[in-house]
Amino acid sequence: MVKVSVVIPTYNGGKYVRECVSSILSQTFSNLEIVIVDDQSTDDTVKVVRDIQTHDDRITLYINSCHNHSMALNLGLQHADGDYIARIDQDDIMVTTRLMEQVNYMEQHKDVDVCCSWFSTFGDINQNVELAKGDIDYPEYQLLITNIFPNPTAMIRKKFLELNNIKYDCQYQYAEDYAFWIECALSGAKFHIIPRFLQRYRIHNTQNSIVHSKEQYYETVKMRTCLINVLQERHKSWSDVTRLIEILWDISRRGKICTETVFRIANELYINSLKQSVKI
């Protein structure tokens with residue numbers, strides 16, 4: 001039985017996808033399959049992938065029925081047979097030990113549902129990125145501020161997704177990973193970040209996070225606002241916190257403070273209240 005399904009959505013990635021797949025096939029962990037879903041590419045991506053397929057039968061290719069990134073990801077999840085689902089983007093590269101280190105950790109820690117890692121960037125920008133490390137406390141509250149879970153480094157326990165019926169939300173096209181992690185966190189997922197640079201993340205001026213940066217930001221504001229509403233309902237007995245957040249929203253609507261300030265203060269209020277409730 002396959003242990004790891006590596007899911008790769010592709011869209012006009014003919015220039016990069018061969019190098020990405022090569023890094024997966026070079027892993028020290030070999031009990032894997034590669035599920036590639038093409039999202040209606042208009043370049044030679046499909047041709048390149050079909051050529052790669054002739055060299056390794058662990059690679060399967062599916063074609064999305066329409067151009068929708070989240071739908072392509074869900075199609076990949078649907079066809080993933082492994083115990084674990086590993087994510088990577090078409091233009092990124094895995095360090096050779098990535099899958100082995102993540103599988104070993106999740107096999108030894110059965111309570112962990114999502115395992116990410118640090119990553120390094122290359123291409124237009126070269127740097128090491130350390131967002132957080134170890135077990136992540138209060139993940140849904142941390143997500144009020146920013147997405148600390150780098151999607152292209154993630155390994156997810158498939159059973160957790162199936163038990164909670166979690167998929168990518170097709171209404172989000174530019175920050176779908178953020179919405180996905182929010183749903184996982186609200187469903188009780190335990191997150192862990194390995195403090196090692198197990199992924200190389202390519203920076204270039206044609207990637208979605210640059211081309212559609214404004215749309216991505218507006219999507220994150222929308223989903224974080226929805227998250228606050230969920231947390232307000234969860235903690236409606238905390239009347240002082242609820243009232244203060246309502247006041248902050250009113251001040252924000254009048255342009256006196258930015259929405260980011262509301263999210264940051266809400267994060268602090270909730271986490272401080274949670275810590276106090278544990279002490280009582």
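Is D135 buried, exposed or partly exposed? Hi everyone, that is where I'd like to start. D135 counts as partly exposed, because its relative accessibility is 38%, and by that term I mean between buried, under 20% relative accessible area, and exposed, over 50%, with a 1.4 Å probe and protein chains only.

A quick word on the basis: this is a predicted model, where local features need pLDDT of at least 70 and side-chain atom pairs count only at pLDDT 80 or more, while totals for chains, interfaces and linings use all residues. Residues are numbered from 1 along each chain as its sequence is written, and side-chain values use heavy atoms, leaving out hydrogens and water.

Back to D135, which meets K190 in a salt bridge at 3.4 Å, N to O; the term means a side-chain nitrogen of Lys or Arg within 4 Å of a carboxyl oxygen of Asp or Glu. K190 sits in the loop between helix 7 and strand 10, D135 in strand 8, and they are 55 residues apart. Helices (H or I, at least four residues) and strands (E, at least two) are DSSP runs, numbered from the N terminus.

Next, R18 and D51, with their closest N and O atoms 3.1 Å apart.

E162 is exposed at 54%, whereas K158 is buried at 16%.

In total, the structure holds 17 salt bridges, and K3, D83, E107 and K110 are linked in a network of them. Thanks, everyone!
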